[in-house]
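This briefing sets out selected features of one structure, grouped by topic. It moves from individual side chains to helix packing and then to backbone geometry.

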Amino acid sequence: MTFRSFMDVALDQARVAGARGEVPVGAVVVDADGRVVAQAGNRTRELNDPTAHAEMLAIRAACALLGSERLVDHALYVTLEPCAMCAAAIAAARIGRLYYGASDPKSGGVAQGARVFAHPQCHHVPQVFDGIGEAQAQDLLKAFFAEKRKG
């Protein structure tokens, strides 16, 4: 089976989130057969919900669609390294593979900061692949915050 990245779908969701005034982060859940199950961009401001990160919204939508709290054999693509909250949700959902673009030295919870998957309390550790679409994700974030600083 040939690897196909779905980071382009996550990047599209990030662009849409940025256009709404949200931090441009996008996520997509893909099943073992390569079908997109759910996709989302950040909506924290729109929903007045600090938990409405792209990963959380995509995981919630996928679980609702599948009628299960587990996403075994699913992959999550996200444009930015998940924070500790999102990493914990990824573990709780039993997601098999995590692909992320840009690292997040300030708020990351996978390779930076909390390193949730390294904790003994973490009951599931997905395979993690970083740097997928990293340049595009970084460019979106840099442009978004540069525009915010201007205004």
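The side chain of D31 reaches the backbone nitrogen of R35 at 2.9 Å, a polar contact (a pair of N or O atoms within 3.5 Å; within protein, one must be able to donate a hydrogen and the other to accept it, and residues adjacent in sequence count only if both atoms are side-chain atoms). This is a predicted model, in which local features need pLDDT of at least 70 and side-chain atom pairs count only at pLDDT 80 or more, while totals for chains, interfaces and linings use all residues. Residues are numbered from 1 along each chain as its sequence is written, and side-chain values use heavy atoms, with hydrogens and water left out.

- D31 is found in the loop between β1 (26-30) and β2; helices (H or I, at least four residues) and strands (E, at least two) are DSSP runs, numbered from the N terminus.
- With a relative accessibility of 12%, D31 counts as buried; buried means under 20% relative accessible area, exposed over 50% and partly exposed in between (1.4 Å probe, protein chains only).
- Leaving aside residues up to four places away in sequence, D31 touches V37, D73 and H74, where contact means heavy atoms within 4.5 Å.
- N42 occupies the loop between β2 (36-41) and α2 (44-47).
- N42 is also buried, because its relative accessibility is 9%.
- A polar atom of the N42 side chain lies 3.1 Å from the backbone oxygen of V23.
- Not counting residues up to four places away in sequence, the residues that N42 touches are A17, R20, E22, V23, V25, A52, H53 and A54.

**Packing of α1 and α5**

- Helix α1 (residues 7-19) and helix α5 (residues 134-150) have axes that come within 11 Å and cross at roughly 5 degrees; axes are lines fitted to C-alpha atoms, for helices over the stretch in contact, and angles run from 0 to 180 degrees between N-to-C directions.
- The two helices, α1 and α5, are therefore roughly parallel; angles under 35 degrees count as roughly parallel, over 145 as roughly antiparallel, 65 to 115 as roughly perpendicular and the rest as oblique.
- L11, A14, R15 and G18 of α1 make the contact with Q136, A137, L140 and F144 of α5.
- By class, the residues of this contact between α1 and α5 are five nonpolar, two polar and one charged; Ala, Val, Leu, Ile, Met, Phe, Trp, Tyr, Cys and Pro count as nonpolar, Asp, Glu, Lys and Arg as charged, and the others, Gly among them, as polar.
- An α-helix has 3.6 residues a turn, so residues three or four places apart point the same way.
- A19 is found in helix α1, and its relative accessibility of 71% makes A19 exposed.

**Packing of α3 and α4**

- Helix α3 (residues 54-66) packs against helix α4 (residues 84-92) at an angle of about 25 degrees, with the axes 9 Å apart.
- That angle makes α3 roughly parallel to α4.
- The crossing of α3 past α4 is left-handed; a crossing is left-handed if the near helix is turned anticlockwise from the far one by less than a right angle, and right-handed if clockwise.
- E55, M56 and I59 in α3 meet M85, C86, A89 and I90 in α4.
- The residues of the contact of α3 with α4 comprise six nonpolar, no polar and one charged.
- In α4, the buried residues are C86, A87, A89, I90 and A91, and their cover includes α3, β3 (75-80) and β4 (97-102).
- A61 lies in helix α3 and is partly exposed, with a relative accessible area of 36%.
- A61 and Y99, 38 residues apart along the chain, have C-alpha atoms separated by 18 Å.

**Positive phi outside glycine**

- N48, which is not a glycine, has a positive phi of about 50 degrees.
- N48 is found in the loop between α2 and α3 and is exposed, with a relative accessible area of 69%.
- R94 belongs to the loop between α4 and β4 and is partly exposed, at a relative accessible area of 24%.
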